[in-house]
Amino acid sequence: MELKMFRDTLSAAGGSCTVKAEIPIETEILISDYLPQVFKMVKCFARPVVLQKQLQPGRLTLEGYIRCIVYYQGEDGAGLCQTEQKLPFSKSLDLPAFEFSSWSAVVEGETEYLNCRAVNSRRIEVRGAFGLVASVYTQCRTEVITALADGGIEQQQSLLRGARCAAVLDKLITADGELRFPAPPAAILDITGTAVLRELKLLNGKGVAKGEIRALCAWRAQGDPSLQSQTVTIPFNQILDVEGLTEDCQCLCSIEPVGFAASEGEGDAPGRLTATALLHLRAWRPYELNCVTDAFSTRYETSAEVQEICCESLACTLDETAAVSGSGPLPDENTRLLACFAAFGPAQIVPRGNTPTLTARVLVTAFGENSLGEIESYDKALELALPLPAAASAEGELYPECWFSAESVQASCVGGTLEVSLTVHAEGAVLCRHNWPCIGAIELGEALAQPDPEISLRIYYAQAGEELFAIARRFHVSPGRMMEANSLESGIRTLSSPCRLLVPGA
């Protein structure tokens, strides 16, 4: 007897892996003539900016640059000064050679070590290494059995829910705005910022993103060693070409500022501030598909193979803020704080009780002038812990794809103790991978033996938690006939309490 099978395809979760690579940092930075000469080295930072990701079977290629930022104390009372240099890199990482129809890669990392020294008053030597961590997640088209017919077949179906990755885009964008100072600046110490997306319109193959970048400029006026701050709002309007994007997609778009460049205006004209940011766009298309999870025949022996389908779904999106604070002793109780910055380590999801929690390491660096007039740096490691919404509590493997920014950073020195508090904004998505057992293959064998005509009814004592379909399969009886014989409501799959069931003759 031939069995009819109906099939369809879905986007199932494919292979995933996490790989690490080390990027060496070796460079010399020349201090520009308009900056003060070096009196003392204070701190050096390394920040990666990944511009291109390319996945091939067995290999992930990353291209971008390392922002090497150096803070130093200038000569003749110039105070805290800053300079930086971009170091291009191209790195290939070996991966398992799994098949895929779509993919995404989360690239994070931390500085392994970084040493800097002043070769002379105009030249700084930097040596170190940055550890990149790339987490790759793929999807692949998988065929499943959606329905069976003929041959006395009885089937149990389940509704699979998932999301197909429709589009992934990481694009470097630039935006310009005016930069006005109330007094001529002697030096610009640092420029950091956050971004806000105001509007996102989706079209077939295109998207329009509108928003603003909020830049915070730390600077020092002529003859004044104290730091001042200047806020600049820079609007942006970007048209994006995104293959696979449609209006019905569930979409996430985040803007991550990665650099700023300031230039002076001519005469009385204002200066210009150019912001560079990475635009991250992710789009998913939810799907629902019935598949056969169990089957047997009331007329023939049945042989079935079970396959595990790993579905990937969007557990929740993130647009949350969390407060982080901490304290620690300073070597000099008379330290006068000058500036404070925050950097974030790789994100992960850990269970805390019954609630999955997004965690990340936050490294706060404070610059202060001690009682001897020397500028020192002080590091304080904190932990960000952000409980996820209840929608992300489903069973399965959770992984984040998110970006952090510090909306506010405050530090003070009270009685020789450094007090730090900051507000962290987390933006992105949490995805969930969960396994579903389905029938991958099924065949009909020999005809079943004819039932004893003298037995028209059996009694089965069922226990709580037993499935009605499994009981029907044991006796080769239609589940519908069993429900009818026992006056059970339609839709019941599992018995909630012990009971006596009447089993009609086959």
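Biologist: Which strand gives the most to the lining of the second largest pocket?
Modeller: Strand 8, with seven residues. Keep in mind this is a predicted model.

Biologist: What other elements give two or more residues to that lining?
Modeller: Besides strand 8 (185-203), you get strand 3 (59-74), strand 4 (79-94), strand 11 (250-263) and strand 12 (271-297).

Biologist: How much space lies in there?
Modeller: About 1000 Å³.

Biologist: And which lining residues are the closest to the centre of the second largest pocket?
Modeller: Out of 37 lining residues, those are Tyr-34, Ile-188, Ala-261, Ala-262 and Ser-263.

Biologist: What does the lining look like by class?
Modeller: There are 19 nonpolar residues, eleven polar and seven charged.

Biologist: Switching to rings. How many aromatic pairs are there?
Modeller: The count is nine. One of them is Tyr-460 with Phe-475, an edge-to-face pair at 5.8 Å centre to centre with 70° between the planes.

Biologist: Where do those two sit in the chain?
Modeller: Tyr-460 is in strand 19 (residues 457-462), while Phe-475 is in the loop between helix 1 (468-474) and helix 2 (479-485). They're 15 residues apart, so the pair links distant parts of the chain.

Biologist: Is Tyr-460 buried or exposed?
Modeller: Buried, because its relative accessibility is 13% and the cut-off is under 20%.

Biologist: What about Phe-475, buried or partly exposed?
Modeller: Partly exposed, since its relative accessible area is 21%.

Biologist: Which residues form an aromatic cluster?
Modeller: Phe-45, Tyr-71, Phe-341 and Phe-367 form one.

Note on methods:
Residues numbered from 1 in each chain as written. Predicted model: local features only at pLDDT ≥ 70, side-chain atom pairs only at ≥ 80, totals over all residues. Heavy atoms only, no water. Phe/Tyr/Trp six-rings, centres within 6.5 Å; stacked < 30°, edge-to-face > 60°. Helix = DSSP H or I, 4+ residues; strand = E, 2+ residues; numbered from the N terminus. Buried < 20%, exposed > 50% of the residue type's maximum accessible area, 1.4 Å probe, protein only. 1 Å grid on protein atoms, 1.4 Å probe; cavity = no way out; pocket = protein on both sides within 12 Å on 5 of 7 lines; lining within 4 Å. Points joined across faces, edges and corners; volume = space filled by probe spheres on them. Nonpolar A, V, L, I, M, F, W, Y, C, P; charged D, E, K, R; others polar.
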